Amino acid sequence: MSRLVAVSNRLPLGDNPSGGLVVALEDALRSSGGLWVGFSGEQVDNPADDLTWHPGASFERASFDLSRRDYQDYYLGYSNSVLWPLCHGRADLVRIEPAHLEGYRRVNARIAELLVPHLKPDDRIWVQDYHLFGLAAELRRRGVEGPIGHFLHIPFPGPGDCAALPNPAELFDWLSHYDLLGFQAHRDLSNFTESARQLVEADQTEHCHFRLCGRTVRAGVFPIGIDAAAFMELARHAPDEDEMRFLTGAQMMIGVDRLDYSKGIPQRFRAFQLLLEKIPDLHEKIVFLQIAPPTREEVEAYRDIREETEHLAGRINGQFATINWTPIRFIHRPIPRNVLAGLYRQGRIGLVTPLADGMNLVAKEYVAAQDEDDPGVLILSRFAGAAETMDRALIINPHDPWELAGAMAQAMRMSREERRSRHADLLAGVVERDVGWWSRTYLDALAAGSGG
Ligand code: ADP
Ligand code: F6P
């Protein structure tokens, strides 16, 4: 079997990664083995001109550092101030700087330069996410001929948003160098198809085959999953007693997200406020635990969302708290995964309300962590990729506080029988399409197109 080489911006070298890509890829590589190459997280004055190897995992890991300028232009700039907001429907937050696009091209080329000397002729290369759209073109330019696939963890933008890129044709040219493009949801595949047709020369030649910018590319939907069996086990044996003292008999509603504007955290705070205003009976009977480690704080929009959410949580607590009860507990730290699993398990409600999201693994983790005999209720945004398959959750529009508050009330009074029935269906899907299924299905499809 040929070696799998995964390349992503972020390579997790420490504990408690928060981010769907690293959690999923770590689970996938642990079982398949292979090499994972990514950014060390270190900004330095003079980055080394070779990869640094990190022993100690069941697969090989090699990292590269970034110069401060590359970090600014490629990561904070083009990746997270152009591509991320556009892919999440926030063209209003896009900040276009020619130097950032230049930096994005430069870093994609540099990663190819670092990678090529370490490649074997029959390697399968699997490029992850929006930071590295340009990597296949750079590898091909350096003579790499083997299969190269791309998987996009976040939504693909429709034609309107793509048109707001500084150079939309370049995105499709980059994509045309891959053998297989993987998307999280059907919504993304149809956005890709429609955007390509409207903005560049593109045609669907047969099912899932496209002529794009003069090359042939395949594209498909591969919804990412979690290591369900391992997470269920983690939740069953999670430490819980001490962590739960704050509940003092109340039911818990839990949200776990990076503190990102795409996650709809202010919207869920406002809906919770509405719930407490409309149903005073719930006072002291529900506590909302929101765990949200800050992320990308050098970008203004992320500083703004932190300020907004902290302000809102303070205001709502000020409005309703009593001596014995703080309605919202807002925690900004990464949490060890076993503790996280235990917290999900205690949650009567799992709140996953992004305004836009590729998949959202928290929805799947919450379901896997439940006690099957007395499970909680998942409230899920229709704008998460997960909503395409997890339709037994309470599916809501996160922009509508009335609908969201209504779902919270419904979840609080839902009978055990209904909770068990909904949960059993959701769990079956999470177990069947786990992370192993995701990586196998994708890699089989990549191999099928390259005769391997
Ligand atoms: P995204 O990739 O946009 O961050 P996902 O929901 O797909 O969103 O993935 C988030 C991942 O990060 C999940 O596996 C979740 O458990 C993990 N995570 C989020 N917040 C924390 C935290 N505070 N501590 C530990 N893990 C976290
Ligand atoms: O899953 C989406 C994603 O953007 C990943 O690409 C990324 O690793 C994760 O969220 C966390 O973001 P960052 O790597 O910028 O901290």
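1. In this predicted model, 23 residues of domain 1 are in contact with 23 residues of domain 2, contact here being counted when the C-beta atoms, placed from the backbone, lie within 7 Å. By class, the side of domain 1 that touches domain 2 is made up of 10 nonpolar, 12 polar and 1 charged residues. Helix 1 (20-32) and helix 2 (68-87) each contribute at least two residues to that side of domain 1.

2. As for the bounds behind these counts, the domain assignment of the protein chain gives domain 1 as 4-225 + 435-449, written in two segments, and domain 2 as 228-432. The centres of domain 1 and domain 2, taken over C-alpha atoms, are separated by 30 Å.

3. Turning to the strands, there is an open sheet of 6 strands whose order is 13-12-11-14-15-16 and whose pairing is parallel. Its edges are formed by strand 13 (328-331) and strand 16 (394-396), each of which pairs on one side only. From one strand to the next, the twist of this sheet averages 20°.

Key: Residues numbered from 1 in each chain as written. Chains lettered and ligands numbered in written order. Predicted model: local features only at pLDDT ≥ 70, side-chain atom pairs only at ≥ 80, totals over all residues. Pairing = 2+ DSSP bridges. Helix = DSSP H or I, 4+ residues; strand = E, 2+ residues; numbered from the N terminus. Axes fitted to C-alpha atoms, helices over the stretch in contact; angles between N-to-C directions. Domains from an automatic or database assignment. Contact = placed C-beta atoms within 7 Å. Nonpolar A, V, L, I, M, F, W, Y, C, P; charged D, E, K, R; others polar.
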